[in-house]
Amino acid sequence: MFTIDNGNPFECGEDCLIIGLKQIPDKFGGRLSGLDKIFEGELKELVKSGDVSAHFGSLSTVHTLGKLPVKRLLFIGLGKPKEMKKEGLKKAFGKVFKHVRKMRWSSAGIFLDTFITEKIGPVGTAAALGEALPMAVYQFPGYKRKPNIPDVQIEKTVVYSGCNEEELMAALHAGYVYGKAVNSARTLVNMPSNLLTAEELSAFARRLAEKYGFELEILEKTDMEKLGMGALLAVNQGSNAPAKMIVLKYEGKTEWKDVLGLVGKGVTFDTGGYSLKTKTGIVGMKTDMAGAAAVLGAMEVIGELQPAQNVVAVIPATDNMVSGGAFKPDDVITSLSGKTIEVLNTDAEGRLILADAVTYAKHHGADYIVDVATLAGGVVTALGLDKTGAMANDDAFFGQVLEASREAGEFIWRLPITEADKERVRSSKIADLNNTPGREGHAIMGGAFIGEFAENTPWVHLDIAGTATTGKDTELGPAGATGVMVRTLAVLAERMAARI
């Protein structure tokens, strides 16, 4: 996707040359001074008139009219260099690539040095570029009949820079891997549930295993019955599609120890069961497997970049349907851990399947566990649609996850689990636990329930009920699935490998 050219960017032959314009006194000084000379000072005049702006996000096209080999210059305002952050830089790159895609240009040159700031540096800038390109131009193919119009993709991207070529290419590649993996997760979440079943999720995992050499285990119903995965099996009771427990193992070390466990909720469609959702609330429940998609996306990054960290991914996959055989409120089920659960709400099914998955991750030697789930609507009430809720039983491990999320640019906010919360989850009079002790602190109750199965293993719960999808286009993608937490999980694995 990327090539690097140390030559003169103004001699590029691409459809456009992308230039970052900073809010500094002499916007066309330094590397851009020669450009303004070619235009005989006209560029400075365009800035004065406001036709070209350095304000963040401002996009301006200047046609070269034969003064340069490239047909047009595409300026993107970067604002004040001291205020620039990596996420803002990604958005700037995303905005220009969305424009390139919209204009149906098949090639672009990027004058990378005009985007570099002292704070971010060449490598960070290249990584942001690599990540932003695939995310920004992503489109879910959908199922409409295709119009008789050629689909023009960005096929050639030339990065012009005088910086170290080897370091830049490594950063571009790593960023691109992250962006593509986010898109893989987006596509899974955007798929309708009649096409993305538990079987298809397991087939996707199988393709990852074949491509990257992961060890793969897929448990069928008979396997789960032998092991005693009563929680996952209970949720699956009402379905005609069999459940799967999917396990991917990546061995980044010579010994299977110091294992990071990634657990993703894989409810491919959630009716709520007998605690049936409303006619409006049920729409969009194909996205209830976004946690599983995040874990699979993270495993794609791990497979590509090969960090020196052992990782086991566990995905419980099923839909939650209504039928004569479906589980019911007041049922008591026995989980893989042996703990019994009184079911008070069949729409609180995600925590049930995660209970067995967290236990199974521990069986596979997980020393640390992060689970990701569209778990509770209460997290949206508490934090809105732009923040992922987090709960944890270990401050040090939560700190590692928090730092990974900051590096990835995915905001998380920790909610507390108190001893009183734990007692509420244990308040059943006929079983060890109940799955919904009331609406108060609803999101926390879901996390506290899962924590009962993590026990003493350092554990973080990430509730992406608000962040798994978005209703509006952004600089880094269209409305729909976001692929949230792919990057945080992958960064966590890389940071643990480096022990940052």
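Okay, let's start with a term: a salt bridge is a side-chain nitrogen of Lys or Arg within 4 Å of a carboxyl oxygen of Asp or Glu. This structure holds 30 of them. Before I go through some, a word on what you're looking at. It's a predicted model, so local features need pLDDT of at least 70 and side-chain atom pairs count only at pLDDT 80 or more, while totals for chains, interfaces and linings use all residues. Residues are numbered from 1 along each chain as its sequence is written, and side-chain values use heavy atoms, with hydrogens and water left out.

Let's take the pair glutamate 304 and lysine 211, whose side chains meet in a salt bridge at 3.8 Å, N to O. Glutamate 304 sits in helix α9 (residues 290–305) and lysine 211 in helix α6 (residues 198–212), so this pair links distant parts of the chain, 93 residues apart. By the way, helices (H or I, at least four residues) and strands (E, at least two) are DSSP runs, numbered from the N terminus.

Are these two buried or exposed? The cut-offs are: buried is under 20% relative accessible area, exposed is over 50%, and partly exposed is in between, with a 1.4 Å probe and protein chains only. Glutamate 304 counts as partly exposed because its relative accessibility is 31%. Lysine 211 has 58%, so it counts as exposed.

Next, aspartate 288 and lysine 265, with a salt bridge of 2.9 Å, N to O. Aspartate 288 is in the loop between β10 (266–270) and α9, and lysine 265 is in the loop between β9 (259–264) and β10, so the pair ties together parts that are 23 residues apart in sequence. Aspartate 288 counts as buried because its relative accessibility is 5%, and lysine 265 counts as buried because its value is 2%.

Arginine 487 and glutamate 410 also pair up, at 3.5 Å, N to O. Here arginine 487 is in helix α15 and glutamate 410 is in the loop between α12 (395–408) and β16 (412–414), 77 residues apart. Both arginine 487 and glutamate 410 are buried. They belong to a network of salt bridges that links Glu87, Lys90, Glu131, Glu410 and Arg487.

Now, which buried residue has no salt bridge? That's aspartate 421, found in helix α13 (residues 419–425). The nearest side chain of opposite charge is arginine 424, 4.6 Å away; for charges, Lys and Arg count as positive and Asp and Glu as negative, with His and the chain ends not counted. Leaving out residues up to four places away in sequence, aspartate 421 touches Pro416, Ile444 and Met445, where contact means heavy atoms within 4.5 Å.

Back to helix α15 (residues 486–498), which also holds leucine 492. Leucine 492 counts as buried because its relative accessibility is 2%. Beyond its neighbours within four places in sequence, its contacts are Leu260, Val370, Phe397, Gln400, Val401 and Ala404.

Last stop, the surface. Asp5, Glu165, Glu166 and Glu167 form a negative patch. Patches are made of residues with over 30% relative accessible area and no salt bridge; like charges are joined within 9 Å, and nonpolar side chains (Val, Leu, Ile, Met, Phe, Trp, Tyr) within 5 Å. The place of a charge is NZ of Lys, CZ of Arg, CG of Asp or CD of Glu. Helix α5 (residues 165–190) gives the most to this negative patch, with 3 residues. Glutamate 166 counts as exposed because its relative accessibility is 69%.

Notes:
Areas by Shrake-Rupley, 256 points an atom, 1.4 Å probe, with all protein chains shown as cover.
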